[in-house]
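Here is a friendly briefing to read alongside the model.

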Amino acid sequence: MSVSRAILPWAHRSGAYALPTSLLVRLKLGEVPAGIPAALDVRRKAALPADSTGHGALDRVVSSFGSHVQVSRLHAAARALRNVGARNMGYSEEEEVSGIARVLRFDVAEGTHVGSLAISLMQLDLVESAIPNYITTVGLDGPDMPRRPSGDDDGWDPRDLVNARRALAYEGGDASVIVGVVDSGLALEHPEFAGRLRHGYDTVQLGKGELAGGVALLGDNQGADTNPTDRYVGHGTGCAGIIGGCGSEMPPGLGGDCRMLPLRALGAARFPGRDAAVGVGALSDLDMALVMAAQLGAKVINCSFGTEDDALEPGAPKPHAEAVAFATARGCALVAASGNSGDDHIYWPAAFPDVIAVGSVALDRSVSSFSTHGKHVALCAPGERVRTASLDGYQSATGTSFAAPFVAGAAALLVARANTRAAALDPATIKSLLIDSAQPHRGDVGPGNGAGVLDAARALELLDQALDADETTELGGADDG
C-alpha cells in the first residue's frame, strides 16, 4: 500500500493527489433532491446527470468558481442495484443515516480550483462535508526489499507464524461467508481461485488528462461493469490468494472455504521511470466498491490501500467515512493495511476506530522496518516475502498490504465458526477477539504496533469459549426459572 504525495496545481495547498475535475459533497439529512440520478446509472449511460442540485446557495457557490457542474449520487440504493436507470430509488434508513445516500459527486469544468471549492462549500449549513476526489496508489513507493523467486519455499512459514494449520483444522470455513476484496481486481482464471469467487464489479472511472503528465493509463479505466479482471497490477490477486486461495501450489487461504467478492476499484497506470504497473484509484471509485461489497453481502472487506492524513487539508473530512459507517452498520468487518511509511503515521481507512488496522512483522516476529505504526494499529501479521498468487503464477509479496489479508481471512473463519454455532458476530466483537487472542510482541517491539501477532487458532478458541459461556448462562437462567 502506498499513497502519492505529488503536488498538483488544482490542490488547495500541497499534499494529496486529487482528480482535477471532481469532488464529493455530503448533504444533511433530507437535503438531497430525489431526482438526482445514481452515478452507476450515469456511468452506464442509463441516466443523465443533473445540472444543478436545486439548492440556490449551493449552486451559486459552484457557479462563482466559473464552473458548469454535473451532479450524481455516488452510491446506488441496495434494493435498486438491478433497477437500471432507477438505482437512486428506495434508499434504506441505514443508507440515509450512514451518509452514503447523501453523497453527491460533482463533476466540474477543467481549471476549477476543486480544493478551494470544497472549502467554500463547507461553509454552507446544508453541507456536512466536501472533499476533493483524492487518488490512492498501490505499488508506487512500497517497501524496497530484495525479492526471491516464489518457488524457493513452500509458503508455510508465514502461515505457521499465525497458526494457520491449526486454525483451518479447527474450522474449515463456510462458503456462505463472503469476503470483499476491494483492490486492483483479480486474475479471475487463476487456478488458486477455482470455485472461490463470487461475481464481482469494476468501479474504475479514470479519464485521460486527469492524472499528471507522463502517467499512462493501462487497460480498462472507464465506466463501470461486472468484469473485475486485473491484467497489469497483481496487487489484488496477491491479497486474494492469502485470503481464499484453494491451495493448488501454495498454502490454502486463511479464510478456508469462504467465497471472495472481487471489486476492482484501482485502475492501472505506468508512471515515468517505472516498468511495473501501478494501481491507481479515485476516492469515489474506492468508496463505491466498499459500499457495493457491503450491499452484496460481504461480512469482511479487505482494504489494502489508504490515504495519508498529513496530505489532507487541516480539518478536512476524512476519506471513506460514509462507506466505513455504512459497512459497519451492515455488520461487515473492515480490515485495512496500516501503511508502509515505517513511522508513526495515520492512513485512512485504517485509522477509523471501527476498522481493524494491521501492521507487518517478519518471520522472527520483529516489526517490519516499513510498517506504519500508531495507537490505531490493532495487531500485526506476516508481511514479508509471502508466497501468494500473481497475475501469471505466484509471487513473493511484501508490504502491509499483504499482512492485512491474513487478518481478513481469520475474521472470515470467525464468522464461519459463529455460523456453525448459530451465533451472530458484530464487527466490534470480531476486532476484540483478534486483539485479545494475539500472540504478545517480542520484548524489543515498541508501542504503536498493536496487541501482538495474529493467532488465528487462538481467536477461534476464544470465540468458542465465549459462546460456551453464553449457552451456560442461558441454560442456568432457564433452570432458575
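A residue is called buried under 20% relative accessible area, exposed over 50% and partly exposed in between, using a 1.4 Å probe and protein chains only. N449 is buried because its relative accessible area is 6%. This is a predicted model, in which local features need pLDDT of at least 70 and side-chain atom pairs count only at pLDDT 80 or more, while totals for chains, interfaces and linings use all residues. Residues are numbered from 1 along each chain as its sequence is written, and side-chain values use heavy atoms, with hydrogens and water left out.

**Around N449**

- The loop between α11 (427–436) and α12 (456–480) holds N449; helices (H or I, at least four residues) and strands (E, at least two) are DSSP runs, numbered from the N terminus.
- Leaving aside residues up to four places away in sequence, N449 touches V367, H373, V377, L379, C380 and H441, where contact means heavy atoms within 4.5 Å.
- K375 is 74 residues from N449 in sequence, yet their C-alpha atoms are 7.4 Å apart.
- A polar atom of the N449 side chain lies 3.1 Å from the backbone oxygen of G446.

**The sheet**

- Seven strands form an open sheet in the order β6-β8-β5-β11-β13-β15-β16, with parallel pairing; two strands pair if DSSP finds at least two bridges between them.
- At the edges are β6 (201–202) and β16 (377–382), each pairing on one side only.
- Two bridges join β6 to β8 (residues 259–264) in the parallel sense, and Y201 stands opposite L263 in β8.
- Helix α7 (residues 235–244) packs on the sheet and touches β5 (178–183), β8 and β11 (300–303), with its direction at about 160° to that of β5; axes are lines fitted to C-alpha atoms, for helices over the stretch in contact, and angles run from 0 to 180 degrees between N-to-C directions.
- α11 also packs on the sheet, touching β13 (333–337), β15 (355–361) and β16, and its direction makes about 25° with that of β15.

**Helices α8 and α9**

- α8 (residues 283–295) packs against α9 (residues 321–329) at an angle of about 10°, with the axes 9 Å apart.
- That angle makes α8 roughly parallel to α9, a label for angles under 35 degrees, with over 145 roughly antiparallel, 65 to 115 roughly perpendicular and the rest oblique.
- D287, L290, V291, A294 and Q295 in α8 meet A323, F326 and A327 in α9.
- Buried residues in α9 are E322, A323, V324, F326, A327 and T328.
- After α9 comes G331, whose phi is positive, near 80°.

Methods: A polar contact is a pair of N or O atoms within 3.5 Å; within protein, one must be able to donate a hydrogen and the other to accept it, and residues adjacent in sequence count only if both atoms are side-chain atoms.
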